[in-house]
Amino acid sequence: LLAPDGAVASTVFAEMSALATRTGALNLGQGFPDVDGPSWVRRAAADAIAPDAEHGANQYPPGPGIPELRGAVTAHQRRHYGLDLDADTEVLVTTGATEAIAAALLALAGPGDDVVTLEPCYDSYAAGIALAGARHVTVPLVPGPDGFRLDTDALRAAVTPRTRVILLNTPHNPTGTVLTRTELEAVAAAARAADAVVVTDEVYEHLTFDGAAHVPLATLPGMAERTLTVSSSGKTFSLTGWKIGWVTGPEPLVTAVRTVKQFLTYVSGAPFQPAIARALADDAYPRELAASLASRRDLLCDGLEAAGFGVVRPQGTYFVLADAGPLGFDDGTDLCRRLPGLAGVVGVPVAAFCTAGSPTARALRSWVRFTFVKREDVLRDAVARLAALA
Ligand code: PMP
Ligand code: GLN
């Protein structure tokens with residue numbers, strides 16, 4: 001986590017957002033919406049603070065999360081997936097999915113253990129595995145006519161008795177892949193054979209397109225007992241700054257995560273919890289968001305293709321991966337540094353989601369991630385600017 005000169009490395013998202021601010025370029029790098037989530041949910045948080053009353057939700061909430069939110073998470077998992085959870089012992093509210101993932105890794109893995117992830121993968125995974133002192137082993141997602149698909153042979157080779165945790169992510173950042181039931185069955189079989197725990201990051205669970213169905217790993221036979229499922233209100237309700245997430249699963253595993261969480265943040269955002277509890281009871285917003293994201297995905301993908309990029313159309317998330325190789329750029333990192341000057345747009349190099357020097361990093365060297373969780377007029381402007389690259 002330290003750069004060779006001893007400085008702390010900053011995340012690629014901070015670096016690319018700073019680049020956008022400095023250059024005035026359109027920021028299709030960091031994944032956050034430019035339209036805030038429902039005003040009634042925001043009003044509920046404001047009301048919870050109760051500025052005109054003597055008391056509001058302004059002091060430490062209960063460590064595991066307020067009962068209303070744990071109950072709402074339980075009801076959500078039952079309504080959408082048929083999963084039955086005990087709100088008192090099998091749900092933990094966290095400071096975003098990021099804390100849930102870091103606390104799970106710190107609780108479950110250590111020196112001598114392997115943690116297996118997909119590659120590319122969200123950047124906090126490698127950092128969390130390093131903080132835990134475990135070894136990071138990766139399994140590639142490989143681009144093809146059906147999108148980026150799991151290499152199941154590589155999965156079987158990567159998961160061994162040394163594997164403590166398989167850290168999965170579906171719908172997947174950065175590829176936009178929604179893992180199929182068949183792919184998930186391969187993960188489940190590997191986890192069972194190695195007696196490993198699966199931590200599954202499902203923060204984009206509601207953001208899928210074209211009828212692609214999100215299948216939670218915990219719904220596969222025999223998997224609930226060895227799976228920690230992580231999600232977050234940030235993506236589902238376009239409230240990424242609130243940092244209210246949660247982790248669900250069997251009591252011993254949730255207790256292990258809670259033990260670590262106590263000493264990371266102790267508790268999470270009191271006034272946001274009642275607001276998210278109410279939001280979770282309402283499925284309309286995420287449904288409308290997914291529909292509008294599907295059309296914004298098309299707008300950006302069509303524009304990238306017209307500009308000459310190779311595009312793999314995503315089935316979910318906020319993101320599309322585009323290959324700049326056909327435009328003559330073989331290094332996505334270099335291109336992303338120059339893109340504000342060349343086209344007035346910021347993207348994130350896919351290399352940031354890969355292990356340095358890995359075969360996947362080499363295979364995806366010329367690829368860039370763009371987000372389409374921006375207003376249509378911003379995307380139209382971006383597409384017009386990117387056309388200049390052709
Ligand atoms: N996992 C994935 C796959 C993500 O894309 C993100 C991004 N924001 C997170 C976790 C972090 O979520 P949170 O903001 O709730 O910590
Ligand atoms: N999840 C978002 C992304 O992948 C933002 C992450 C962050 O800023 N840490 O762009």
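This is a predicted model: local features need pLDDT of at least 70, side-chain atom pairs count only at pLDDT 80 or more; totals for chains, interfaces and linings use all residues.
Residues are numbered from 1 along each chain as its sequence is written, while chains are lettered from A and ligands numbered from 1 in the order in which they are written.

**Overall.** I found the C-alpha trace of the protein chain to span about 55 × 55 × 45 Å along its principal axes. The protein chain has 14 helices and 14 strands (DSSP runs numbered from the N terminus, H or I of at least four residues for helices, E of at least two for strands).

**Sheet.** I looked at an open sheet of four strands, ordered β10-β11-β14-β13 with antiparallel pairing; strands pair if DSSP finds at least two bridges between them. Its edge strands, β10 (310-312) and β13 (348-349), each pair on one side only. Between β11 (residues 319-323) and β14 (residues 367-371) I found five bridges. A322 has V368 in β14 as its bridge partner. Helix α11 (residues 284-307) packs on this sheet and touches β10, β11 and β14 (contact: C-beta atoms, placed from the backbone, within 7 Å).

**Helix pair.** I then checked α11 against helix α14 (residues 376-386): they pack at about 5°, with axes 9 Å apart. Axes are lines fitted to C-alpha atoms over the stretch in contact, and angles run from 0 to 180 degrees between N-to-C directions. That makes α11 roughly parallel to α14, a term for angles under 35 degrees. R296 and L299 are among the α11 residues in this contact, and E376 and L379 among those of α14.

**Ligands.** I counted 14 residues around ligand 1, of which G96, A97, T98, N173 and S232 come nearest (near: C-beta atom, placed from the backbone, within 6 Å). Helix α4 (residues 96-108) gives the most to this shell, with three residues. Around ligand 2 I listed T11, F13, Q30, G31 and N173.

Key
Two residues are in contact if their C-beta atoms, placed from the backbone, lie within 7 Å. Angles under 35 degrees count as roughly parallel, over 145 as roughly antiparallel, 65 to 115 as roughly perpendicular and the rest as oblique.
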